[in-house]
Amino acid sequence: MQKDFHYYATYCAAILSGYTHEEAMDICYSAQFVDLCSATLLSKLKAPKSAATTQLQLELMDSRTDIVSLQNITRIWSSFHFLPGDLYAQKEKCSKRYLNKYRLICKPNSDLMVSTVEHAKNSSLQAVGIAMHVLADTWAHSYFAGTPSLVINNTDSYFFELIPDGETFSERRITFKHKTSISDDPDSSTYVSSLYQSSENSIMNLGHGRAGHLPDYSFIRYRYLPAWGDYDDILKDNPSDYIHAFTQMIEAMKYIRGANASFQKSCYDFEAISPYRDEIDSILKKRQLDACADWKAFGEKLSGHTIEDFDLQKYQSEYTEAAQDQKDETFIGRFILAAMVQKSMVTNAIFESGNILAGFSVNYWKKGFRGIKDYKKLLDLFRL
């Protein structure tokens with residue numbers, strides 16, 4: 001998903017779940033910040049780089065494919081963008097090495113998703129925003145894995161878009177190109193993707209890179225034959241998936257703020273959006289690469305407040321100028337602590353399932369961890 005959903009649509013979901021405008025702004029800022037909190041940015045802020053929730057293209061290009069580098073990549077992308085759907089999934093006639101990657105395929109409504117939401121309860125608004133980012137991405141990024149894998153994440157010429165045609169759909173073959181000089185073109189179903197690399201562990205084969213930004217568009221419907229699925233036809237209906245993501249965020253945030261007693265799998269608050277269903281469907285199904293303006297207008301109508309544009313610089317000086325023992329109390333400090341909880345929780349769940357692809361982490365919230373004040377523990381937090 002992109003800023004239109006992680007920032008503006010998350011704001012809308014927060015308002016519909018009962019948060020104030022100010023609270024909703026903190027939540028949606030944190031949700032969008034997940035896509036921008038790189039090691040490069042954290043280094044600039046003199047913050048712990050192990051709190052990174054994403055990797056820049058240049059960072060990935062510099063990454064090696066040895067086990068240590070691959071574990072670092074997998075920790076970040078599986079924890080925040082491709083949450084594994086079933087760490088104990090079974091598949092016949094495959095090696096343990098392949099099975100470990102197969103078990104990292106992202107799908108919604110996993111046990112890890114429930115744990116992600118539960119960890120955000122009684123925590124900061126930054127933790128809520130991180131959880132909403134992770135939750136939303138489980139829908140957009142379904143069927144891809146947050147670890148480099150040609151077998152899991154590759155695309156081929158059998159990739160078709162379903163175009164609405166009255167009461168039915170017509171099919172058009174999708175073309176993937178790797179050219180920096182062009183942009184995605186929904187009119188011709190041409191999308192920019194990562195460069196094909198035959199190496200199984202190439203970073204070009206990470207996540208949905210081989211499908212470009214196509215999974216991040218709410219209007220798209222497509223079908224293809226993934227190798228991991230034994231070349232059976234897979235249909236991805238993003239308008240349906242995105243409305244489920246939106247209503248599940250409302251359900252989750254109502255639980256986090258105490259309006260609901262529990263958060264369970266496959267529960268969606270369609271009642272909350274019933275007065276606005278046609279408007280939301282219209283935004284989701286509109287064939288556009290950027291829906292920010294539409295979601296922003298809808299959010300401002302819901303709350304009666306102006307939604308300020310996302311500003312990456314907004315909280316940086318607050319963090320850098322804070323005394324060392326006060327950094328945890330800043331916006332970015334609270335985000336860092338929440339990110340560490342999420343990364344540690346997912347990393348340990350993967351490791352405890354018998355899968356070493358993400359390495360392992362210290363369960364620091366169970367060991368008296370004192371936050372950024374205890375800098376050495378932060379540096380050692382994700383040792384292998």
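A helix here is a DSSP run of H or I with at least four residues, and helices are numbered from the N terminus. With that in hand, let's work through some exercises on this predicted model.

**Exercise 1. In which helix does Ser-79 lie, and is Ser-79 buried or exposed?**

Solution. 
- Step 1: Find the element. Ser-79 belongs to helix α5, which covers residues 67-80.
- Step 2: Look up the accessibility. Ser-79 has a relative accessibility of 0%.
- Step 3: Apply the cut-off. Buried means under 20% relative accessible area, so Ser-79, at 0%, counts as buried.
- Step 4: List the contacts. Setting aside neighbours within four places in sequence, Ser-79 touches Thr-74, Val-134, Gln-342, Lys-343, Val-346 and Thr-347.
- Step 5: Ser-79 and Leu-162 are 83 residues apart along the chain, and their C-alpha atoms are separated by 31 Å.

**Exercise 2. Where is Ser-202 placed, and which residues is Ser-202 in contact with, leaving aside its neighbours within four places in sequence?**

Solution. 
- Step 1: Ser-202 sits in the loop between β4 (190-192) and β5 (221-224).
- Step 2: Check the surface. The relative accessible area of Ser-202 is 11%, so this residue is buried.
- Step 3: Name the partners. Beyond the neighbours within four places in sequence, Ser-202 contacts Pro-148 and Gln-197.

**Exercise 3. At what angle do helix α1 and helix α8 pack, and which residues meet?**

Solution. 
- Step 1: Identify the helices. Helix α1 spans residues 3-16 and helix α8 spans residues 125-140.
- Step 2: Read the geometry. The angle is about 115 degrees, and the axes lie 10 Å apart.
- Step 3: The crossing of α1 past α8 is right-handed.
- Step 4: Collect the residues. From α1 come Phe-5, His-6 and Thr-10, which meet Met-132, His-133, Ala-136 and Asp-137 of α8.
- Step 5: Sort them by class. This contact has three nonpolar, three polar and one charged residue.

**Exercise 4. What volume does the largest cavity have, and what lies in the largest pocket?**

Solution. 
- Step 1: Start with the cavity. There is one cavity of 30 Å³ or more, and the largest cavity has a volume of about 70 Å³.
- Step 2: Look at the cavity lining. Among its residues are Phe-5, Tyr-217, Tyr-242 and Trp-295. By class, the lining has seven nonpolar, three polar and two charged residues.
- Step 3: The largest pocket holds about 1100 Å³ of space. It is lined by 34 residues, and those closest to its centre are Gln-57, Trp-77, His-208, Gly-209 and His-213.
- Step 4: Ask which elements contribute. α1, α4 (57-61) and α8 each give two or more residues to the lining of the largest pocket, and α4 gives the most, with three.
- Step 5: Sort the pocket lining. It divides into eleven nonpolar, 18 polar and five charged residues.

**Exercise 5. What is the phi of Asn-122 and of Ser-266, and where are these residues found?**

Solution. 
- Step 1: Most residues other than glycine have a negative phi.
- Step 2: Read Asn-122. Its phi is positive, near 60 degrees. Asn-122 is in the loop between α7 (111-120) and α8.
- Step 3: Read Ser-266. Its phi is also positive and near 60 degrees. Ser-266 is in the loop between α10 (238-256) and α11 (270-273).
- Step 4: Classify both. Asn-122 has a relative accessible area of 75%, so it is exposed. Ser-266, at 46%, is partly exposed.

Technical notes. Residues are numbered from 1 along each chain as its sequence is written. This is a predicted model: local features need pLDDT of at least 70, side-chain atom pairs count only at pLDDT 80 or more; totals for chains, interfaces and linings use all residues. Side-chain values use heavy atoms; hydrogens and water are left out. Axes are lines fitted to C-alpha atoms, for helices over the stretch in contact, and angles run from 0 to 180 degrees between N-to-C directions. A crossing is left-handed if the near helix is turned anticlockwise from the far one by less than a right angle, and right-handed if clockwise. Contact means heavy atoms within 4.5 Å. Ala, Val, Leu, Ile, Met, Phe, Trp, Tyr, Cys and Pro count as nonpolar, Asp, Glu, Lys and Arg as charged, and the others, Gly among them, as polar. On a 1 Å grid over the protein atoms alone, a cavity is a set of points where a 1.4 Å probe fits but cannot get out, and a pocket is an open set with protein on both sides within 12 Å along at least five of seven lines; lining residues have an atom within 4 Å of a point. Grid points are joined across faces, edges and corners, and a volume is the space filled by probe spheres set on the points. Buried means under 20% relative accessible area, exposed over 50%, partly exposed in between (1.4 Å probe, protein chains only).
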